[in-house]
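Reader: I would like to learn how to read a model like this one, feature by feature. Could you take me through it, giving the general idea before each case?

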Amino acid sequence: MKNISFSLLSCLLLWLAVPATASTTDSSTTERRSEHKPLLKSVKDTKVTTQAYQSHVWFHSVDVFISGDLNANGYYHRLEVELDADTSLPYQQVFAEFTLLPSYGDERVYYTSSVFELYRQSPDDWLAIDTVLENRFAPDDYLLTIRLFDAATGYLLAEISGFDDANLDYIPLEDYNRDSYIRSSVTVEASGGATGILLLLVLCLLSGQRYRALRHRS
């Protein structure tokens, strides 16, 4: 008996030790990176003019694309972001964090990338993510923020947002669950109280009497 109790207690402790995982996800993202060998070009056309913060790493360009508006209300559930960052070092490992800020509410991280490499001003070290917003994104005009962190230390290296670039602000988005076709349906409700049950019995009784009366006449 003691062995059984001990086994049950051990199983309970192991179950409590396992971290809980979310049953649903708020978004799903596909990540793409350049697979070409870096060309190490030193001259490129400059696109980004201002950014909130930069160190020896900075954003060269950021492009945003939206698509997927099933209910034609002007809000989209798919967000694609392509960025090209540069560094003054020969080689720098970084990862990117992407957040969305609604008109009212808190900033939310919707994706953190894997580690990727920057090679000076090479055009072949870009990162692109394709995200489908699935839950918990109400129809709103969102502000996008992108931050680059040192992969080894976690220090912030560069940041850009809609406060710096108008293309990253007022992005009309909503999640896929809200971006659906409107379907009309007819719902019949029956009261479950005592009055509803009594009314149902009366209707059945009247229907039975009418049926018997018709059979008697025939």
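Predicted model: local features only at pLDDT ≥ 70, side-chain atom pairs only at ≥ 80, totals over all residues.

Reader: In which strand is Ser27 found, and which residues does Ser27 touch when residues up to four places away in sequence are not counted?

Author: Ser27 is found in strand 1, which covers residues 27–33. Leaving aside residues up to four places away in sequence, Ser27 touches Tyr110, Thr131, Val132, Leu133 and Glu134.

Reader: How many bridges join strand 4 to strand 8, and which residue in strand 8 does Val81 stand opposite?

Author: Strand 4 and strand 8 run antiparallel and are joined by six bridges. Val81 stands opposite Ile129 in strand 8.

Reader: Turning to aromatic rings, how many aromatic pairs are there?

Author: Rings are taken as a pair if their centres lie within 6.5 Å, and by this rule the count comes to five aromatic pairs. In one of them, Tyr91 and Tyr119, the ring centres are 5.4 Å apart and the planes stand at 50°, so the pair is tilted. Tyr91 lies in the loop between strand 4 (78–87) and strand 5 (92–101), while Tyr119 lies in the loop between strand 7 (116–118) and strand 8 (127–133), so the pair ties together parts that are 28 residues apart in sequence. Tyr91 counts as partly exposed at 40% relative accessibility, and Tyr119 likewise counts as partly exposed, at 24%.

Reader: How far apart are the ring centres of Phe98 and Tyr110, and are these two residues buried or exposed?

Author: The ring centres of Phe98 and Tyr110 are 6.2 Å apart with the planes at 55°, so this pair is tilted. Phe98 lies in strand 5 and Tyr110 in strand 6, so the pair ties together parts that are 12 residues apart in sequence. Phe98 counts as buried at 1% relative accessibility, as does Tyr110 at 7%. Ring pairs link Phe98, Tyr110 and Tyr111 into a cluster.

Reader: A ring may also face a charge; over which ring does the charged end of Arg108 sit?

Author: The charged end of Arg108 sits over the ring of Phe137, 4.1 Å from its centre. The C-alpha atoms of Arg108 and Phe137 are separated by 10.0 Å, and the two residues are 29 apart along the chain. Arg108 lies in strand 6 (residues 108–112) and is partly exposed, with a relative accessible area of 22%. A polar atom of its side chain lies 2.4 Å from the backbone oxygen of Arg136. Beyond four places in sequence, the residues that Arg108 touches include Asp26, Phe98 and Asn135.

Notes: Residues numbered from 1 in each chain as written. Heavy atoms only, no water. Helix = DSSP H or I, 4+ residues; strand = E, 2+ residues; numbered from the N terminus. Buried < 20%, exposed > 50% of the residue type's maximum accessible area, 1.4 Å probe, protein only. Contact = heavy atoms within 4.5 Å. Polar contact = N/O pair within 3.5 Å; in protein donor to acceptor, adjacent residues only side chain to side chain. Phe/Tyr/Trp six-rings, centres within 6.5 Å; stacked < 30°, edge-to-face > 60°. Lys NZ or Arg CZ within 6 Å of the ring centre and 35° of its normal. Pairing = 2+ DSSP bridges.
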